[in-house]
Every structure is written in structure tokens, then in C-alpha cells.
Amino acid sequence: MKLSEIKKHLHKRSKVAFQLPSGDLVPAHFHVTEVGKVNKQFIDCGGTLRTEEVINFQLWNANDYDHRLHPEKLLAIIELSENTLGLDDSEIEVEYQGTTIQKFGLDFDGYQFLLTTKHTDCLAKDQCGIPVEKSKPELSKIQVTSSCAPGSGCC
């Protein structure tokens with residue numbers, strides 16, 4: 001999810017809720033302790049220099065059970081971050097404390113924000129000798145005809 005999308009969703013919400021991939025909700029007394037711009041420069045295993053920029057939200061649970069983060073407060077934090085850090089409309093990555101710091105993607109199901117799993121990948125498969133996976137056709141989308149015309153190549 002991009003920054004513009006979360007802002008659009010927050011304008012329409014009366015509360016903010018995040019759901020973990022397990023289906024559990026982040027406790028309602030969470031705080032957004034950071035909104036940041038993360039620039040990453042790296043060389044992949046094929047030797048290609050790459051750059052990546054994401055907007056990072058850090059969620060944290062406190063022992064402060066009496067306060068809830070309301071959409072307008074999160075919008076104010078985002079707008080301050082946009083002005084101060086010069087944020088672009090980049091993808092959002094969410095950090096959350098599990099058994100260690102976990103990183104998630106972000107989606108929205110019309111009701112709450114969904115923390116989505118992220119995966120590592122080889123960005124230079126062609127140079128590492130890793131075969132490209134062929135896509136499998138969905139049998140339900142293959143059109144079946146009742147006859148085979150001469151010269152159609154079906155026989």
C-alpha cells in the first residue's frame with residue numbers, strides 16, 4: 001500500500017485497527033512510534049546496484065491502556081512526516097514486535113489494515129542459474145470446444 005492509499009482510508013475511518021497475518025489483531029492500545037523514510041542501497045547477488053525506498057511505520061504496544069490512536073492523529077503524524085522528511089508516495093512497510101522485529105507489507109480489507117507477509121527473493125535469477133518458473137494455466141479458464149475443425153491445430 002502506498003502512502004496516498006492509507007491517507008485515503010484513514011479519512012473514512014472512525015478507528016484504526018491492524019490485523020496480523022495470523023488473524024490476531026494488534027492490541028488496540030498500540031502506538032505508531034515512528035514514521036520514517038528508509039533508503040536502501042545494495043548490490044544483488046548478480047552484481048547489480050539497486051536502490052529501494054519505503055516509508056516505515058513502527059507499531060509498538062505500551063502499557064498505556066487508556067489511549068487509542070485515532071485516524072485523525074495518525075493522519076497528523078503522517079502529514080508532519082511528509083513535510084519534515086519530504087516523503088514521496090512510496091510503499092509502506094510496517095515494523096511490529098513479535099519474537100523479534102518483524103516487517104510486513106500493508107493492505108486494507110475495507111474495515112481494517114492488514115499486515116501482510118513479506119518474502120526474500122533472488123533478484124538475479126538469470127545470473128545465478130535459477131530457472132524461471134513457468135506459469136501454470138488455470139484449467140477453469142481454458143475454453144473447451146465441442147468440435148475440432150480441420151487445420152485448427154487442435155488434433
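**Contacts, burial and charge in a predicted model**

Q: What makes Leu 75, Ile 78 and Glu 82 contacts of Lys 7?
A: In this predicted model, contact means heavy atoms within 4.5 Å. Leaving aside neighbours within four places in sequence, Lys 7 is in contact with Leu 75, Ile 78 and Glu 82. Lys 7 itself has its place in helix H1.

Q: Why is the pair of Lys 7 and Glu 82 called a salt bridge?
A: The N to O distance between these side chains is 3.1 Å. A salt bridge requires a side-chain nitrogen of Lys or Arg within 4 Å of a carboxyl oxygen of Asp or Glu, so the pair qualifies.

Q: What makes the pair of Lys 7 and Glu 82 a link between distant parts of the chain?
A: Lys 7 belongs to helix H1 (residues 3–11) and Glu 82 to helix H2, and the two are 75 residues apart. The C-alpha atoms of Lys 7 and Glu 79, which are 72 residues apart along the chain, are separated by 9.3 Å.

Q: How do you know whether Val 35 is buried or exposed?
A: The relative accessibility of Val 35 is 13%. Buried means under 20%, so Val 35 counts as buried. Val 35 is found in strand E2 (residues 30–43).

Q: Which residues does Val 35 touch, not counting those up to four places away in sequence?
A: With that exclusion, Val 35 touches Ile 55, Asn 56, Phe 57, Ile 77, Ser 81, Leu 85 and Leu 87.

Q: Why do Asp 44 and Arg 50 count as a salt bridge?
A: Their closest N and O atoms are 2.6 Å apart.

Q: What makes Glu 93 and Lys 103 a salt bridge, and which parts of the chain does the pair tie together?
A: The side chains meet at 3.7 Å, N to O, which is within the limit of 4 Å. Glu 93 lies in strand E4 and Lys 103 in strand E5 (residues 101–108), so the pair ties together parts that are ten residues apart in sequence. Glu 93 is buried, with a relative accessible area of 7%, whereas Lys 103, at 47%, counts as partly exposed. Salt bridges with shared partners join Glu 93, Lys 103 and Lys 118 into one network.

Q: Why is Asp 89 called partly exposed?
A: The relative accessibility of Asp 89 is 39%. Buried means under 20% and exposed means over 50%, so Asp 89 falls in between. Asp 89 is placed in the loop between helix H2 (71–85) and strand E4 (92–97).

Q: What makes the surface patch that includes Asp 89 one of negative charge?
A: The patch gathers Glu 5, Asp 88, Asp 89, Glu 91, Asp 107 and Asp 109. Asp and Glu count as negative, so the charge of the patch is negative. A patch residue needs over 30% relative accessible area, and Asp 89 has 39% relative accessibility.

Notes
Residues numbered from 1 in each chain as written. Predicted model: local features only at pLDDT ≥ 70, side-chain atom pairs only at ≥ 80, totals over all residues. Heavy atoms only, no water. Patch = residues over 30% accessible without salt bridge, like charges linked within 9 Å, V, L, I, M, F, W, Y side chains within 5 Å. Areas by Shrake-Rupley, 256 points an atom, 1.4 Å probe, with all protein chains shown as cover. Charge placed at Lys NZ, Arg CZ, Asp CG, Glu CD. Helix = DSSP H or I, 4+ residues; strand = E, 2+ residues; numbered from the N terminus. Buried < 20%, exposed > 50% of the residue type's maximum accessible area, 1.4 Å probe, protein only.
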